[in-house]
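Here is a short note to read beside the structure. Keep the 3D view open and find each part as it comes up.

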Amino acid sequence: MSAIHLRNLVKRFGAFTALKTMDLDIADGEFMAILGPSGCGKSTTMNMIAGLEEPSSGSIHFSDRDMAGVPMGKRNVGFVFQNYAIFTHMTVRQNLAYGPTMQRAQTAEVNKKVAEMADFLQLTELLDRKADKLSVNILQRVAIGRSAILKPAIFLLDEPLSNVDAAFRAVMRTELKQLQRQFKQTMVYVTHDQLEAMTMADRIAVMDHGVLQQVGTPLEVYNNPVNTFVATFIGSPGMNLVKGTPTETKQGLRINLGAIGKSPILPPALASNLKSRNSEVWYGFRPENITVGTKADDLSLPITFTERIGARTIVHLGEGLSMKAVFDNETPVTVGKTLNFTLKPEHVLLFDGTSGVRIGMEAAHG
Amino acid sequence: MKKSIPFEVFRYAMIALALVVALIPIAWMASMAFKPVGEWSATGADLTWWPKHPTLFNFNFIFGQSDTSLIVALEKTAAKPILASLLSSIFGTLIAISAGTAAAYGLSRFGAGKNLPLALIQLRIFPPMAVMIPVMIMWAFLRLNDTWFGLALVYGIVTLPFAFWLMKTFFDDMPREIEEAALVEGCSRWRVFTRITLPMMRAPLASAALFVFIMNWSDYLIALLLTSREWVTIPVYMASLSSSMTGQLYGAKAALGLIAAIPPLVLGIAIQKHLVRGLTFGALKQ
């Protein structure tokens, strides 16, 4: 069992910096998801933890042990790749037995481990099948089994569910979580799918453009995003952001959102955080927190498009604003009509209009 | 999509035409091989497309049986040239494939020397004749002239670029994650190569080997320059099958040609399954 400590980790490929000064502590036995869009540096980080890539600078410690120069075979990590990396010329049994055999385990011991793992992953009936004849779902299961059988202290998964089909993905999410509960390893899970991160991870590290944006529990990053990137990236659909300027009214401070209207009065705490009353801010609120209103001072936007996805309806608002509202499927919405809506003050977040940093969290974000 | 009948007719006509062009010379060779002298000889009176009196005479002749119908005796039989062709082609192929595969793997995985892959083609830039004359002199100096291993060595060198480039493409296409997975599980680089990479490369290796073997097997020029008495190969020997009395011994040549076609054919059929796989390589969905 092992914790992971990344200190000032940097990775450059020639002139391109894939990872800019990453600091991250992953606790022993923790399930950490590294979440971000393609090219954000998450796989690079993972590869450095595994030893597939050498850091350009900075250090990686597993608990107290400095991993600089330790070859990947000696790190006691398991790695599951997006494209399975199954040895297709072998049977499922040979694939599962590969690691233990490499580590010179006794044959009886290997057989026992293979049987256990096959049972856990429901692969027993497929043990003697040639791997290249199996479906991608099964292949990924075999890949997970092949890594897990070594009981590595650290289990690294690089978008393992990206290529499998949607139904199987849901099954595997549960299975992976169970696997981790059973073996209690430290798990690092790289993904661009926030649903996987939110459902499985103890904590999520959100990355963008080679920079770690925020680390926190799934609810923390959802409820308290530190900047506009995290706010829009987390949540499905992401947070709505509208540029506006603060305006003082008789009742209190509001944000003038232009054509949309004037925001409800800001709660005192939020208003006091607003240091400059003249500069622009991003006014943020989640699509699911919009409620249909009728009053004259409500915000309003034309409905441009609706996506009915069963229990919920996603309503696209305004032209070119990428604003959305999420309602249950009974709320009447008509494309072309104007939607009047209100927001509860506690559901509103403000971000700096230029830097995108959450107002009130500037210090924390450094 | 449902295809129109005229289009289908046209399609099969084209296929038939291509087959005719490709197969007529072979059919002719086969028919010639079984004709008695009178039916193929330029002086013969019974020239014919199809053998009227099929005979194995031509085969017996090249393996040393003399006959009164041809007033020619052969200096040597076809047995030794067949052995020479087999030895030089097989060992030449082994050299090219093993060296080419190792080089391709190294360059594909460790990427040292960007210009090296291109530099390897230099061997093929010049007309073979221009390169072979110096090689002939060097080989004479090294006493490799007229030996099967001297010839095999040259075959290995000359076909190396093909083996290298074919294998490099396949290695480049093989997902690195497969090897990385084995490395993470504690496998050494060498074991990864021998236990994981090479077994997965069976199909590409088979297609590259067949390709290189056929190149070696059908070579005429190099063998002509580097062998003279002891170790002439089938193509060189075949060219010598003529006499001042009868001119070209077409029947004997055809018989030898038919025998020479066997190894590539057998090899091709044996690895046909791999050939298709080799051409559609890429075991993993990306």
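Predicted model: local features only at pLDDT ≥ 70, side-chain atom pairs only at ≥ 80, totals over all residues.

1. Every value here is computed from it.

2. Begin with chain A. Its domain assignment gives domain 1, residues 4–231, and domain 2, residues 237–365. Taken over C-alpha atoms, the centres of these two domains of chain A lie 37 Å apart.

3. Look at where the two domains touch. On one side, 10 residues of domain 1 of chain A take part, and they contact 13 residues of domain 2 of chain A.

4. The size of an interface is often given as the accessible area lost when the parts come together. Between domain 1 and domain 2 of chain A, about 930 Å² is buried. Carbon and sulfur atoms give 53% of that area. In domain 1 of chain A, the residues that lose the most area to domain 2 are A:Tyr222, A:Thr228 and A:Ala231. Together they make up 52% of what that side buries.

5. Now turn to chain B. Helix α4 (residues 79–110) of chain B packs on helix α11 (residues 202–217) of chain B. The angle is about 135 degrees, and the axes are 9 Å apart.

6. Which residues of α4(B) and α11(B) meet? From α4(B) they include B:Ser85, B:Leu86, B:Ile90 and B:Thr101. From α11(B) they include B:Leu205, B:Val212, B:Phe213 and B:Trp217. The residues of this contact divide into 10 nonpolar, 6 polar and no charged.

Terms used. Residues numbered from 1 in each chain as written. Chains lettered and ligands numbered in written order. Heavy atoms only, no water. Axes fitted to C-alpha atoms, helices over the stretch in contact; angles between N-to-C directions. Helix = DSSP H or I, 4+ residues; strand = E, 2+ residues; numbered from the N terminus. Contact = heavy atoms within 4.5 Å. Nonpolar A, V, L, I, M, F, W, Y, C, P; charged D, E, K, R; others polar. Domains from an automatic or database assignment. Buried area = accessible area lost by both parts, 1.4 Å probe.
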